[in-house]
Amino acid sequence: MEYIDVLWKCQSSENPYRLVSELGDDRFELRKLEFFADGTVDAAGGDHETERTMLGVAAVPPLSVINMDKQFEGAIITRDAFEALWLKFGR
């Protein structure tokens, strides 16, 4: 498992500014939180998703590739950090 926290420096209020994901060994998302400028947080995982937030249909690239795009700034976080966020905002 890998846990990542990615800031998306986008100017659209319709898109999340922060994406926090739990990735399986195949780099597919297992659970994800998306943080929006209006203060809401949407969650997806297992059989739960929202209109705005769903698990990706492709493997997530390594952070080295994500961070090559200047609109993204990602970092690895611990499982404990992810679980704390999931307990607070997940469904």
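So, the lining of the largest pocket: strand S1 (2-8), strand S2 (18-23) and strand S3 (29-35) each put in at least two residues. Strands here are DSSP runs of E, at least two residues, and helices are runs of H or I, at least four residues, numbered from the N terminus. S1 gives the largest share, three residues.

Quick caveat: this is a predicted model, local features need pLDDT of at least 70, side-chain atom pairs count only at pLDDT 80 or more, and totals for chains, interfaces and linings use all residues. Residues are numbered from 1 along each chain as its sequence is written, and side-chain values use heavy atoms, with hydrogens and water left out.

Back to the pocket. On a 1 Å grid over the protein atoms alone, a pocket is an open set of points where a 1.4 Å probe fits, with protein on both sides within 12 Å along at least five of seven lines, and lining residues have an atom within 4 Å of a point. The volume is about 250 Å³, meaning the space filled by probe spheres set on the points, which are joined across faces, edges and corners. Among the lining residues you'll find Ile4, Val6, Trp8, Ser21, Lys32 and Phe72.

Now the sheet. Five strands make an open sheet, ordered S4-S3-S2-S1-S5, with antiparallel pairing; strands pair if DSSP finds at least two bridges between them. Strand S4 (41-45) and strand S5 (72-77) sit at the edges with a single partner strand each, so one side of each has no neighbour in the sheet. From one strand to the next, the twist averages 15°. Helix H2 (residues 79-89) packs on the sheet and touches S1, S2, S3, S4 and S5, and its direction makes about 65° with that of S3. For those angles, axes are lines fitted to C-alpha atoms, for helices over the stretch in contact, and angles run from 0 to 180 degrees between N-to-C directions. Contact is heavy atoms within 4.5 Å.

S2 and S3 pair over six bridges, antiparallel, and Ser21 stands opposite Lys32 in S3. The loop between S2 and S3 holds Arg27. Phi of Arg27 is near 70°, a positive value in a residue other than glycine.

Is Arg27 buried or exposed? Buried, at a relative accessible area of 18%; the cut-offs are under 20% for buried, over 50% for exposed and partly exposed in between, using a 1.4 Å probe and protein chains only.

Last one: Leu7, in strand S1. Leu7 is partly exposed, at 36% relative accessibility. Leaving aside neighbours within four places in sequence, Leu7 contacts Tyr17, Arg18, Gln71, Phe72 and Glu73.
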